[in-house]
Amino acid sequence: MLVRRLLYLLREAVANVLTNRTTTIVAVATTAFTFACVGVFLLLYVNLKAMAASLEQDIQVMVYVQDDLPDSARGEIEVQLRADRAVRSLSYVSKERALADFQAQFPSESRLLQGLGQNPLPASFVVTLAADSRSAEAMRRWATRTQLIPGVGQVQYNQEWVEALAGIVRYIEVAAIIVGVILSAASVTIIANTIRLALYSRREEIEILGLIGASSTFIRVPYLLEGAALGLCGSALSLVILKAGFELFRHEIHSATRFLGVDTLLTFFSFEMCAVLICVGLFLGCAGSFLSLLHVGEGRA
Amino acid sequence: MIQLFHVSKYYDRRPALSDVTLEIEKGEFVLLMGPSGAGKSTLLKLLIGAERPEEGQILIQGRSLSKLRAWEIPVLRRKVGIVLQDFRLLPKKTVFDNVSLPLLVQGASTPDIRRKVAEALRSVGLDHKKDLFPSGLSTGEQQRVCIARAIVNGPIMLLADEPTGNLDPDLTSEIIELFKAINARGTTIIVATHDPNVLAQVNRRVITLDHGKVVSREQVCS
């Protein structure tokens, strides 16, 4: 009994799609394009965030110790740093090692230091922070705290750069949300209008169903299914478009020698993310249908 | 079975029905006569809950229609068969599918649907055309399919709004005979018409409406 009704409702949904074939194709294509626009922002966000996380991993904090600090005091600083949960690893760079590193990296400038007579470079601890302490805010807090350890001269990291990157990611996130909301509303409207057209073309049938005692659920379900199918196909097609565009972009980047290696950093949505996006499309499709069906199949005329 | 107490219905402040009080017994065959705009269709719409009266009460089997909740209206309509002047058949469905629709929305089982649709089509003489589409039928046959759809779920009453409006006198007689046969099985029938051919063939109670008011009743033709 239930199976027969379900089959009927499914058949009706398919019939709706086939009856309004052109409208359906246009709606799926428009929805796919709209979802793809949101997808571009999401991809940008996902990649920038991954890139920021990868770059944050490489960021090291320099904890300079005061000159002429006795070994015991230096050891005390090292003990404190190692005990800190925010510190993942650290290494000590003596004054002599710092000078040697400088000379190796900047041989043409090394004569300037020789002219000073004594080694002006301070000894330091090169600290790599734990993953959960690498955000701009966490790094700033940690630097302020470490600065207060007796014997520590200065704590340095590329603060502006880290904060700028975090800022960009935040902006992209906000833009993705705004664009996502606006374009999702557009998708809902497109699907709602498609369903309205389907309802209009089958208004006589809906009226007959109402007259013979069909419940509003019975009348509405095929159109809800149609909306869900539109949303699902639209989002799936948008992922195909995005993937094609993404691969093309990666190929172009790979060909351009000045971006050597950048293409390996680029990532597409994970399988789980794709599934979520398809579910979102399905949900928006249902929402569009629901809006069109608000007053359809009500008992009173 | 059907009771109307001082029922009034207005469209844009103009009365479509005005202070109508009447009673129809179970198993009766009633003709609602009157010119176009007399309020016949409005009365039928009120009886299936498609419209609400502004004033008065309508009771069907002792139940007030104004107290029905939205979900109860489809339940009421499943007990009522409706025949319309323009048949309202679904053009892309076969005769069988059109007739089975009321059973399908009720959730009847497949064997039940097959049996009841066959019975209904047999009673209107169209069981051999169950696989045809409405476009392959004559107007008289289309109206008979419409009647089969109206009676397939054994309704307590059958409402027909100008059922012979599109038919010639011969087909009109055919349809009226069908209604009489259905009525003989105990189904209450109300036919709204302005067709004098119908009046001539139905020797039953006639209620005449004009400008929304009952102008004559209890007239039984002999």
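Phe269(A) is placed in the loop between helix 10 (262–265) and helix 11 (271–292) of chain A, where helices (H or I, at least four residues) and strands (E, at least two) are DSSP runs numbered from the N terminus. The model is predicted: local features need pLDDT of at least 70 and side-chain atom pairs count only at pLDDT 80 or more, whereas totals for chains, interfaces and linings use all residues. Residues are numbered from 1 along each chain as its sequence is written, and chains are lettered from A and ligands numbered from 1 in the order in which they are written.

With 18 other C-beta atoms within 10 Å, Phe269(A) is partly exposed; a residue is buried if 20 or more other C-beta atoms lie within 10 Å of its own, exposed if 12 or fewer, and partly exposed in between, with C-beta atoms placed from the backbone. Leaving aside residues up to four places away in sequence, Phe269(A) touches Val46(A), Cys274(A) and Leu277(A). Contact between two residues requires that their C-beta atoms, placed from the backbone, lie within 7 Å. Phe269(A) and Leu42(A) are separated by 227 residues in sequence and by 8.8 Å in space, C-alpha to C-alpha.

Chain A contains 11 helices and 4 strands. Of its 301 residues, 29% are buried. Among contacts in chain A between residues at least 6 apart in sequence, 86% join residues at least 24 apart.

Chain B contains 7 helices and 10 strands, and 45% of its 222 residues count as buried. For contacts in chain B with a separation of 6 or more, 69% are accounted for by residues 24 or more positions apart. The mean pLDDT (the predictor's confidence in each residue, from 0 to 100) of chain B is 88, and 98% of its residues reach 70 or more. Within chain B, confidence is lowest in strand 10 (residues 213–220), at a mean of 73, and highest in strand 7 (residues 157–161), at 93. The model scores are ipTM 0.85 and pTM 0.69.

Between the chains, 22 residues of chain B are in contact with 18 residues of chain A. On the chain B side, the elements that give two or more residues are helix 2 (72–77) and helix 3 (95–106). The residues on this side comprise 12 nonpolar, 4 polar and 6 charged; Ala, Val, Leu, Ile, Met, Phe, Trp, Tyr, Cys and Pro count as nonpolar, Asp, Glu, Lys and Arg as charged, and the others, Gly among them, as polar.

Helix 3 of chain B also packs within its own chain. The axes of helix 3 and helix 4 (residues 110–123) of chain B come within 9 Å and cross at roughly 125°. Axes are lines fitted to C-alpha atoms, for helices over the stretch in contact, and angles run from 0 to 180 degrees between N-to-C directions. Helix 3 and helix 4 of chain B are therefore oblique to each other, as angles under 35 degrees count as roughly parallel, over 145 as roughly antiparallel, 65 to 115 as roughly perpendicular and the rest as oblique. The contact involves Phe96(B), Val99(B), Ser100(B), Leu103(B) and Leu104(B) of helix 3 and Asp112(B), Ile113(B), Lys116(B), Val117(B), Ala120(B) and Leu121(B) of helix 4.

The axes of helix 5 (residues 139–151) and helix 6 (residues 169–184) of chain B come within 10 Å and cross at roughly 15°, which makes helix 5 roughly parallel to helix 6.
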